[in-house]
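Please keep the sequence and the 3D view open while reading.

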Amino acid sequence: MPAIVLVGAQWGDEGKGKATDLMGSAVDYVVKFNGGNNAGHTIVIDGEKYALHLLPSGILTPTCTPVIGNGVVIDLEVLFHEIDGLEARGVSTAKLLVSANAHIIAPYNRTLDKVTERFLGARKIGTTGRGIGPTYADKMSRNGIRVQDLFDRHILEQKVEAALGFKNQVLTKIYNRRAISADEVVADLLSYADRLAPMVADTSLVLERALDVGANVLLEAGQATLLDVDHGTYPYVTSSSATAGGACTGSGIPPTRVSRVIAILKAYTTRVGEGPFPTELFDDSGEFLRKTGFEYGTTTGRPRRCGWLDTVIGRYANRINGVTDFVVTKLDVLTGLEQVPICVAYDVDGVRHDEMPVNQTDFHHATPIYEVMDGWWEDITTCRSFDDLPANAQAYVLRVEELIGARVSAIGVGPGRDEIIERFPLLD
């Protein structure tokens, strides 16, 4: 059975967990393939809210095997805190698998992330300070710590000492911070080894065998297309590959096994952190979207920057990921607006851009060109088919579909797991 990739089409927080939940028991494996606890999924089941950070959304489906892939960086303290929180609420995490090749966020990575961001001042990136970037930097510098290293104390000690040989120089001589003890780091990491061991596996092999016997495998991105380290709004991006291409490198599944790419597009646009945002609103409309959509970060609690839907970004996400299906979420948040603008292009110094500008400077100075749609007042949270939606809401969705260049297969009309309209099947 081919694999399915699920990505965010904007700057994250689009509702990817809801789309995973929609496929529910039809999915056998859900794989988190990038990022770490710098992003979060919020899922509402029977009125209960679950905020997931490191764990894949499939952890909430009893028939599903959740997998943390090799492309993820793991804060072990956060992982077990999240596991304990779910177990306390009656959610079993016994089926969780963790790649032996996933990298570990060491305590010194968190320290460096925070002090570096403070040192940058006005030039800060807007990271969550959770050590994600420094851990990926260690990975690319070939001095990172992997899950498998926790089971060979000698190798672990060597790697920690080698890493701190340089990092302590940075901490003490540049940032005027105290040096970090290698022994303390090793002891901290080893304290999790026994509990982690039963979860560790060659997850690439597990997934290949699952696909061979016809299982449905969903590859779930953290963050989103515009935060991808290669294809996002660099340098205001995350440190991993959050696009469909990253699903293969972060899971060990070859691209020939992927049949569908589902992209999640919020009915308006939000982002957290620094960086350009052409449709950002600084008026009452922006506050309306923030309050009505409860736009506060799942991981950080920071208020999200809000703006109208940007279909230039939608088309870009379609092209970069090879999207077969879009899921539009939070359409209900737009209820009650007399008019709903859609960004269809940009104006940059008098020149119209229908596609993403080729350079960051032009994107930073882009002024949105809007097309205004009529709004609707009817409550749509009880709608369960496309025909149930008010005519103006239908028109909005159809126009968005036309502008982004791929079909809208599902529409979120409320926060609950049942408050979604499926126009076309997301699973064959």
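Residues are called buried under 20% relative accessible area, exposed over 50%, and partly exposed in between, with a 1.4 Å probe and protein chains only. By that scale Lys-159 is partly exposed, at a relative accessible area of 26%. The model is a predicted one, in which local features need pLDDT of at least 70 and side-chain atom pairs count only at pLDDT 80 or more, while totals for chains, interfaces and linings use all residues. Residues are numbered from 1 along each chain as its sequence is written, and side-chain values use heavy atoms, with hydrogens and water left out.

**Salt bridges**

- A salt bridge here is a side-chain nitrogen of Lys or Arg within 4 Å of a carboxyl oxygen of Asp or Glu. The count by this rule is 21 salt bridges.
- Asp-138 pairs with Lys-167, and their closest N and O atoms are 2.7 Å apart. Asp-138 belongs to helix H4 (residues 132-140) and Lys-167 to helix H5 (residues 153-174), so this pair ties together parts that are 29 residues apart in sequence. Both Asp-138 and Lys-167 are buried.
- Helices and strands are numbered from the N terminus and are DSSP runs: H or I of at least four residues for helices, E of at least two for strands.
- Lys-159 and Asp-149 also form a salt bridge, at 2.8 Å from N to O. Lys-159 sits in helix H5 and Asp-149 in the loop between H4 and H5, ten residues apart. Asp-149 is buried, with a relative accessible area of 5%.
- A salt bridge joins Asp-354 and Arg-352, with 2.9 Å between the closest N and O atoms. Asp-354 is partly exposed at 36% relative accessibility, and Arg-352 is partly exposed at 48%.
- Salt bridges link Asp-13, Lys-266, Glu-295, Arg-304 and Lys-330 in a network.

**Cavity**

- A cavity is a set of points, on a 1 Å grid over the protein atoms alone, where a 1.4 Å probe fits but cannot get out; lining residues have an atom within 4 Å of a point. Grid points are joined across faces, edges and corners, and the volume is the space filled by probe spheres set on the points.
- The structure has one cavity of 30 Å³ or more. The largest cavity holds about 40 Å³ of space.
- Its lining consists of Asp-75, Leu-76, Glu-77, Ile-105, Pro-107, Arg-110, Asp-188, Leu-189 and Tyr-192.
- At least two lining residues come from each of helix H2 (76-88), helix H3 (107-120) and helix H6 (182-190).
- By class, five lining residues are nonpolar, none is polar and four are charged. Nonpolar covers Ala, Val, Leu, Ile, Met, Phe, Trp, Tyr, Cys and Pro; charged covers Asp, Glu, Lys and Arg; the others, Gly among them, are polar.

**Cysteines**

- A disulfide is a pair of cysteine sulfur atoms within 2.5 Å. Zero disulfides are found in the whole structure.
- Cys-343 is in no disulfide, and the nearest cysteine sulfur, that of Cys-306, is 16 Å away. Cys-343 is buried at 0% relative accessible area.
- Cys-383 is buried as well, with a relative accessible area of 5%.

**Strands**

- In a regular strand the side chains alternate between the two faces of the sheet.
- From strand S10 (residues 217-220), Val-217 and Leu-219 point one way, Leu-218 and Glu-220 point the other way, and all are buried.
- Two strands pair if DSSP finds at least two bridges between them. Strand S1 (residues 3-8) runs parallel to S10 and is joined to it by three bridges; Leu-6 stands opposite Glu-220.
- Strand S2 (residues 29-32) also pairs with S10 in the parallel sense, over four bridges. Here Tyr-29 stands opposite Val-217.
- Asp-347 is part of strand S16 (residues 339-348) and is partly exposed, with a relative accessible area of 28%. Its C-alpha atom is 28 Å from that of Gly-293, 54 residues away along the chain.

**Helix H1**

- Helix H1 (residues 16-23) is mostly covered, with seven of its eight residues buried. The buried residues are Lys-16, Gly-17, Lys-18, Ala-19, Thr-20, Asp-21 and Met-23.

Terms used: 1 Å grid on protein atoms, 1.4 Å probe; cavity = no way out; pocket = protein on both sides within 12 Å on 5 of 7 lines; lining within 4 Å.
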